[in-house]
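Colleague: I am new to this structure and would like to know what the terms rest on. Please show it to me, and then I will ask.

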Amino acid sequence: MEAVAAKPEFVFSDSDWNFETLDRTLEAISDIALNDLKLDIYPNQIEIISSEQMLDAYSSHGMPLMYNHWSFGKHFARDQAMYQKGYQGLAYEIVINSNPCIAYLMEENSMTMQALVMAHASFGHNHFFKNNYLFRQWTDADGILPYLAFAKKYITKCEDEYGFEEVEAILDASHALMDQGVFRYNRPPRLSDADRLAKLAARAKHEETTFNDLWRTLPTVEEDDEEKEERQAEVRDIKLPEENLLYFIEKASPVLRPWQRELVRIVRNVSQYFYPQKQTKVMNEGCATFVHHYIMNELYDRGQISEGSIMEFLHSHSSVVFQPEFDDPRYSGINPYALGFAMMEDIKRICEAPEDEDREWFPEIAGTGEWREVLKNAWANYRDESFILQYLSPKIMRDLHLFAIADNAKESHVEVSAIHDERGYRHVRSRLAAMYDLGIHEPNIQVTGADLDGDRILHLRHEVQQGRLLTDKTKDDVLTHIETLWGHEVKLEELSS
Amino acid sequence: MTPSHFIDRRKNPKGKSLGNRQRFLKRARAQIKDAVNKSLRDRSMKEIDKGEKISIPSKSTAEPRFRLNPEKGEREVVHPGNKEFGQGDRIKKPPKGGGKGKGKEASDSGDGEDNFQFTLTQDEFLDIFFEDLELPNLVKRSLKEIKSTAWKRAGVTVSGSPTNMNLIRTMRNAHGRRLALRRPSTREMNELKERLFALERIAQPGAEQIAEIKDIIAKLEEMDARRRWAPFIDPLDVRYNAFEPTPVETTAAVMFCLMDVSGSMGEREKDLAKRFYMLLYLFLKRRYEKVDVVFIRHTHHAEEVDEETFFYSRQSGGTVVSTALDKMLEVQKDRYSASDWNIYVAQASDGFTQSGDAKRCVEMLNESVMPISQYYAYIEILDERELEVFSDADSGAELWRAYRTFAPAWPNFAQTRIATPSDIFPVFRELFAKDKRQAA
């Protein structure tokens with residue numbers, strides 16, 4: 001080995017990886033990440049997997065532990081077909097917001113790709129998960145894996161006890177409401193609050209005993225008085241209108257049995273766990289891409305990777321941040337990697353070498369040279385919408401040739417409402433930011449009432465914005481699912497505010 | 001130091017999603033079946049037992065969510081890549097469905113009209129393909145097995161050939177016997193002998209020493225005697241591995257493909273026949289452990305040929321169908337005794353035969369073929385125009401009419417007509433459908 005002619009300072013010189021080179025590379029990367037960029041990360045658990053295992057992980061939200069459901073099998077079937085036909089490569093990496101932060105490396109990757117993926121996932125995403133306010137407040141990195149393990153086991157038990165169909169009906173219906181199953185404004189109770197965990201353990205234990213004896217002899221077992229009282233107290237605490245449909249149904253449904261409520265709660269918790277990711281695609285990917293780009297270049301500058309390696313890296317990197325234009329057949333919206341990376345590189349530029357325009361738009365950061373602090377502050381305290389509103393610079397809008405199109409369904413023409421010029425910058429920026437506001441993007445549906453002692457009809461209201469009604473194709477199907485959970489009639493009105 | 005570590009998970013079981021996949025297949029069963037049947041009709045038979053790309057209506061496995069209707073209300077969207085637009089430009093919307101450069105809706109979101117595409121494995125495909133199909137008269141004779149024998153280990157015996165000697169058992173027995181009979185060990189004797197040699201080397205031994213020498217010599221003699229009647233290995237110790245012949249039951253079928261290859265059977269007709277044979281072969285293969293295929297082609301005389309010749313070479317001559325039956329019976333008597341084999345016969349023809357021959361065919365079927373056959377399928381290949389002409393089951397070419405008359409007597413006889421590839425699978429299903437009624 002020593003006889004190889006490679007320069008000794010390279011952390012790897014071969015495109016094949018082994019655990020020795022992985023170790024050396026990880027050490028070099030973390031030196032840059034922790035001592036230069038000063039990232040703050042969870043401990044890393046980096047797992048090497050095969051491509052089949054990657055496909056497996058893919059189809060269940062990338063989670064190593066997920067309960068069983070046919071929809072994951074469907075996604076698996078599609079991903080597999082796409083992969084085998086070569087329409088779609090596998091993602092280079094999957095990373096999980098957990099403590100320790102689990103990232104997957106595929107064994108097929110070259111050593112350069114492994115370095116890229118480690119920098120990207122185990123440091124970029126990892127830092128973002130640990131520091132971004134949405135993740136800090138709304139998800140529980142310590143509790144998620146134990147919770148999913150509990151959920152998987154619980155659902156399997158329910159299937160044994162009550163049959164596939166029964167369980168599937170509840171899960172199908174709950175999945176239909178996942179988008180309406182999150183708390184957007186008030187903070188949800190954390191999974192790992194001490195009493196919550198204790199409750200969970202108690203519940204699991206309770207099931208342990210009741211599953212075996214009590215429930216077998218009493219298949220229609222109802223909650224005991226104490227539990228019922230507790231639940232009804234929670235229902236009384238709900239202030240209408242309630243935005244979290246799954247929460248309301250779980251607590252107030254007149255027909256669900258205790259185990260069914262638990263299933264609804266599992267789906268709701270999973271949905272809530274992923275909610276921050278939906279709001280931070282641009283930032284999260286931007287952060288990870290910025291970090292891997294910086295680290296790989298730094299490795300090269302320090303003479304720790306070879307010229308061939310940096311070329312391979314740049315090739316992958318440029319395809320990751322490729323943004324097709326709107327009239328390109330490959331266009332399918334704005335690439336979050338491209339936008340996020342461009343904006344973060346731009347912040348660095350503004351801090352280090354601002355133009356007059358930048359001083360005018362970003363007086364507080366232009367020329368300070370403190371780009372590390374500015375970026376870390378952004379990563380910690382913004383989500384996509386607010387980040388774009390705050391930091392999208394005229395230069396980026398010009399580089400990407402951004403333009404806004406106003407479309408009123410009633411008219412035969414669309415209108416270009418703003419382009420990347422002096423008059424349009426602010427408008428384009430606010431429109432682009434709004435595209436990442438889930439409150440606008442997703443229908444805002446709330447529970448407005450349910451007379452639990454009377455007709456028990458569940459009243460829902462869609463707050464229609466700008467005349468954007470629900471699509472009929474799925475509306476009725478979803479309502480049917482809600483009726484499954486509610487057990488009585490469900491009425492949905494669409495109101496323009 | 002980073003708080004990081006690697007874990008090699010490659011050895012972990014893969015296929016974690018298989019359970020979910022099964023659930024999905026079960027869920028979409030009906031749609032998948034439709035798609036499988038549809039895809040079969042136009043597919044070349046060579047690919048039949050490969051995995052199949054399947055496309056089912058996404059509605060069956062939709063995961064509906066509330067969505068905003070893109071065709072209602074107002075919205076403003078930002079796109080990259082402006083080239084010539086200025087603020088205030090108005091652009092005519094493309095005709096309905098064009099979408100103003102908006103990203104395409106993912107097909108799995110549940111609200112797309114698109115089909116859902118994925119690939120079935122070969123096993124999944126064939127399972128669905130043959131679902132609901134049952135071999136006719138399977139009960140009656142399929143339990144017939146070939147009594148072939150295989151040698152199986154059956155413990156140890158005291159006799160056998162040296163090659164089968166079981167060394168471990170033999171040595172173990174010998175060791176036990178040696179212990180029981182107190183056979184003096186070589187080591188013990190060597191010790192005594194050494195002592196003896198030592199004593200003998202003394203030039204002038206004392207009386208005591210002489211006595212010891214005598215004593216040792218006596219002991220050695222006794223030991224030698226003992227060793228002679230308690231040998232290291234006695235024939236009694238030897239054991240041999242025993243093997244016993246055991247009957248192995250295998251179910252086996254032979255499939256006779258009879259085809260008219262005279263001039264009137266063109267490429268199209270042969271192709272159709274081939275598809276039918278292939279289906280039958282695949283089907284049998286899933287039901288029997290062993291399936292032999294015999295190809296018999298005929299014009300005015302019949303011969304057994306290989307598959308290549310059967311399907312691809314041409315011959316000219318008249319048409320005498322009964323020659324094929326003769327040949328088939330000959331081969332059957334020669335190699336496939338009815339007591340050991342399930343016999344399936346598939347005959348394809350365009351329906352023409354020498355006048356008077358149809359009658360002879362019927363006789364042969366009645367007397368010799370049907371009694372030994374598990375199933376006999378006759379398919380008549382027509383062109384589409386003829387199929388219309390012969391829409392009445394009773395009219396038809398000579399062979400058809402002759403078969404019609406005797407068919408009712410034999411529930412395991414089926415005849416049918418096909419004209420296009422799309423006819424084959426329905427016909428096949430009809431022939432083998434689980435609750436098959438007598439073909440109308």
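Colleague: Which residue stands opposite Val414(A) in β4(B)?

Modeller: Val414(A) stands opposite Ile91(B). This is a predicted model, in which local features need pLDDT of at least 70 and side-chain atom pairs count only at pLDDT 80 or more, while totals for chains, interfaces and linings use all residues. Residues are numbered from 1 along each chain as its sequence is written, with chains lettered from A and ligands numbered from 1 in the order in which they are written.

Colleague: What makes strand β5 of chain A and strand β4 of chain B a pair?

Modeller: Two strands pair if DSSP finds at least two bridges between them. Three bridges join β5 (residues 413-419) of chain A to β4 (residues 90-92) of chain B, so the two strands pair. The two run antiparallel. Strands (E, at least two residues) and helices (H or I, at least four) are DSSP runs, numbered from the N terminus.

Colleague: How many residues of chain A are in contact with chain B?

Modeller: 84 residues of chain A are in contact with 62 residues of chain B, where contact requires C-beta atoms, placed from the backbone, to lie within 7 Å. Helix α3 (residues 70-84) of chain A gives the most to that side of chain A, with twelve residues. By class, the side of chain A that touches chain B has 36 nonpolar, 30 polar and 18 charged residues. Here Ala, Val, Leu, Ile, Met, Phe, Trp, Tyr, Cys and Pro count as nonpolar, Asp, Glu, Lys and Arg as charged, and the others, Gly among them, as polar.

Colleague: Why is Thr139(A) called buried?

Modeller: A residue is buried if 20 or more other C-beta atoms, placed from the backbone, lie within 10 Å of its own, exposed if 12 or fewer, and partly exposed in between. Thr139(A) has 24 such atoms within 10 Å, so Thr139(A) is buried. Thr139(A) lies in the loop between α5 (133-138) and α6 of chain A. Beyond four places in sequence, its contacts are Asn97(A), Ile144(A), Tyr273(A) and Pro276(A).

Colleague: Why does Phe183(A) count as partly exposed?

Modeller: Phe183(A) has 16 C-beta neighbours inside 10 Å, and therefore counts as partly exposed. Phe183(A) is in the loop between α7 (164-176) and α8 (194-217) of chain A.

Colleague: How do α6 and α11 of chain A meet?

Modeller: Two packed helices are described by the angle between their axes and the distance between the axes. The axes of α6 (residues 144-162) and α11 (residues 258-279) of chain A come within 11 Å and cross at roughly 145°. Residues in this contact include Ile144(A) and Tyr147(A) in α6(A), and Trp259(A) and Tyr273(A) in α11(A). The contact of α6(A) with α11(A) has ten nonpolar, one polar and one charged residues.

Colleague: What is the average pLDDT of chain B?

Modeller: pLDDT is the predictor's confidence in each residue, from 0 to 100. Chain B averages 76, and 78% of its residues score at least 70. Over residues 97-113 of chain B the pLDDT is below 50.

Key:
Two residues are in contact if their C-beta atoms, placed from the backbone, lie within 7 Å. Axes are lines fitted to C-alpha atoms, for helices over the stretch in contact, and angles run from 0 to 180 degrees between N-to-C directions.
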